[in-house]
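Hi everyone, thanks for making the time. I have one model to walk you through, so please bring it up on your screens and we'll go around it together.

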Amino acid sequence: MGLDAIEEKIKYGEPIDIKDAKEILSSFDLIKIGKIARSVKYKKSDKKVYFVFNKHINYTNLCVSKCKFCAFYRNGEEDDAYTMEIDDIIEEIAKMPKGIREVHIVGGLHPNKPFSYYVDMVSSIKKHFKDINVKAFTAVEIDYFSKLEGLSYEETLKTLKDAGLDSMPGGGAEVFSERVRKKLYPNKIPYEKWAEVHKIAHSLKIPTNATLLFGHIETDDEIIDHLFKLRKIQEETPGFLCFIPLSFHPSNTPLEKTIEKVDAVKELKVLALSRIILDNFPHIKAYWVMLSPKIGQIGLHFGADDIDGTIGQERVTHAAGAKSPLGLAKDNMVGMIKNAGFIPVERDALYNEIRVY
Ligand code: V47
């Protein structure tokens with residue numbers, strides 16, 4: 001089946017299958033692929049593209065997981081190993097100009113901080129900044145906290161929700177392939193556990209996101225399988241707000257000598273494919289930090305309807321050689337979206353519209 005037939009299928013609301021997905025990833029007809037992905041996007045959000053005034057907090061770079069794709073983690077003895085105390089986090093957020101809507105909090109798996117540190121972090125942020133959505137902790141962190149305390153996933157999530165956790169980011173999914181997990185992140189939870197945490201979060205009315213880390217040793221089949229698995233979770237237990245494909249940055253990782261950064265064509269095809277397969281996800285993000293602001297802007301023509309936010313300072317991708325700026329001002333977000341021919345909409349963490357530009 002060619003791209004024309006796939007386009008027809010989508011026009012009539014039929015889902016695509018694995019063969020179609022392979023066809024898209026192996027085609028170089030970028031104009032057509034973009035057009036198909038945009039047709040899915042237009043049904044959901046028309047010409048709107050969302051951004052959020054947010055701040056990333058990476059509370060520690062100590063991590064016991066030691067994934068081979070990560071340039072961010074430290075063991076503890078290095079000069080640049082750090083862990084933020086809760087007062088430091090409050091101070092960082094307080095430095096931001098007024099109007100911030102979301103703090104996105106993720107960190108390494110710290111060797112000895114107790115669960116109370118994470119609960120206090122959330123409740124303290126909520127106490128000081130009651131209007132800010134606390135989007136915190138990946139499924140990997142939730143699994144780790146549950147083991148620290150001997151709690152179930154449900155008890156761990158309920159405790160954090162009672163403390164003020166509003167939503168969860170999509171990290172830690174990497175690619176749901178056991179083959180790749182064993183090679184690159186053997187200490188990280190497998191697909192089944194990642195899915196279980198997100199399903200329980202959704203059942204507790206905690207909205208979450210999902211990601212895919214690609215551009216390393218994964219195959220196209222593994223990318224496609226990952227996307228169909230996410231589609232199924234959303235069918236069974238809806239609650240995902242957004243999907244974010246993340247392209248691997250090899251610098252300063254053990255893989256830097258063997259893997260080159262993936263090219264723009266693949267980044268755009270994966271973005272488009274995710275918009276097409278995940279037609280039960282409300283939003284797809286062109287994450288400018290990893291894509292660069294320029295490819296991120298082009299990504300808006302490949303089905304993305306969100307560019308994340310102002311960020312403040314990002315550490316995970318910049319440790320791995322990202323050349324994008326550390327943060328972007330609101331005016332840059334608006335300009336990027338307008339100049340691509342779309343309507344900029346400032347949103348809050350849950351996609352409520354704050355202002356249309
Ligand atoms: O899980 C780590 C990835 C993720 C590298 O939910 C790397 O809105 C590329 O999940 N090269 C964390 N990627 C970031 C994340 C995220 C980002 C933006 C928005 C949202 C959201 C979530 O970063 C990790 C991992 O997959 N990562 N190292 C690297 N060298």
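Let me start with a definition: helices (H or I, at least four residues) and strands (E, at least two) are DSSP runs, numbered from the N terminus. Two housekeeping sentences on the source. This is a predicted model, where local features need pLDDT of at least 70 and side-chain atom pairs count only at pLDDT 80 or more, while totals for chains, interfaces and linings use all residues. Residues are numbered from 1 along each chain as its sequence is written, and side-chain values use heavy atoms, with hydrogens and water left out.

With the naming settled, Ser292 is found in the loop between α12 (288–291) and α13. Ser292 is not a glycine, yet its phi is positive, about 85°. Is Ser292 buried or exposed, or something in between? On our scale, buried means under 20% relative accessible area, exposed over 50%, and partly exposed in between (1.4 Å probe, protein chains only). Ser292 has a relative accessible area of 25%, so it is partly exposed.

There is another positive phi at Asn252, near 65°, again in a residue other than glycine. Asn252 belongs to the loop between β6 and α11 (264–277). Its relative accessible area is 51%, so Asn252 counts as exposed.

Back to helix α12, where we find Met290. Met290 is buried because its relative accessible area is 12%.

Which residues come nearest to the ligand? The shell has 22 residues, and the nearest are Lys135, Gly170, Gly172, Glu174 and Lys285. A residue is near a molecule if one of its heavy atoms lies within 4 Å of it. By type, the shell divides into 10 nonpolar, 8 polar and 4 charged residues. Here Ala, Val, Leu, Ile, Met, Phe, Trp, Tyr, Cys and Pro count as nonpolar, Asp, Glu, Lys and Arg as charged, and the others, Gly among them, as polar. Strands β5 (208–214) and β6 (240–247) each supply at least two residues of that shell.

A polar side-chain atom of Glu174 sits 2.4 Å from a ligand oxygen atom. For Gly172, a backbone N or O atom is 2.8 Å from an oxygen atom of the ligand. Asn209 brings a polar side-chain atom to 3.0 Å from a ligand oxygen. On its own the ligand has 620 Å² of accessible area, and the protein covers 94% of that. Those areas come from the Shrake-Rupley method with a 1.4 Å probe.

Let me stay with Asn209 for a moment. Asn209 lies in strand β5, and it counts as buried because its relative accessibility is 5%. Asn209 and Leu184 are 25 residues apart along the chain, and their C-alpha atoms are separated by 22 Å.

Finally, two residues for contrast. Lys11 is part of helix α1 (residues 3–11), and at 54% relative accessibility it counts as exposed. Asp305 lies in the loop between α13 (293–299) and β8 (306–309), and at 0% relative accessibility it counts as buried.

That's my tour, and I'm happy to take questions.

Terms used
A polar contact is a pair of N or O atoms within 3.5 Å; within protein, one must be able to donate a hydrogen and the other to accept it, and residues adjacent in sequence count only if both atoms are side-chain atoms.
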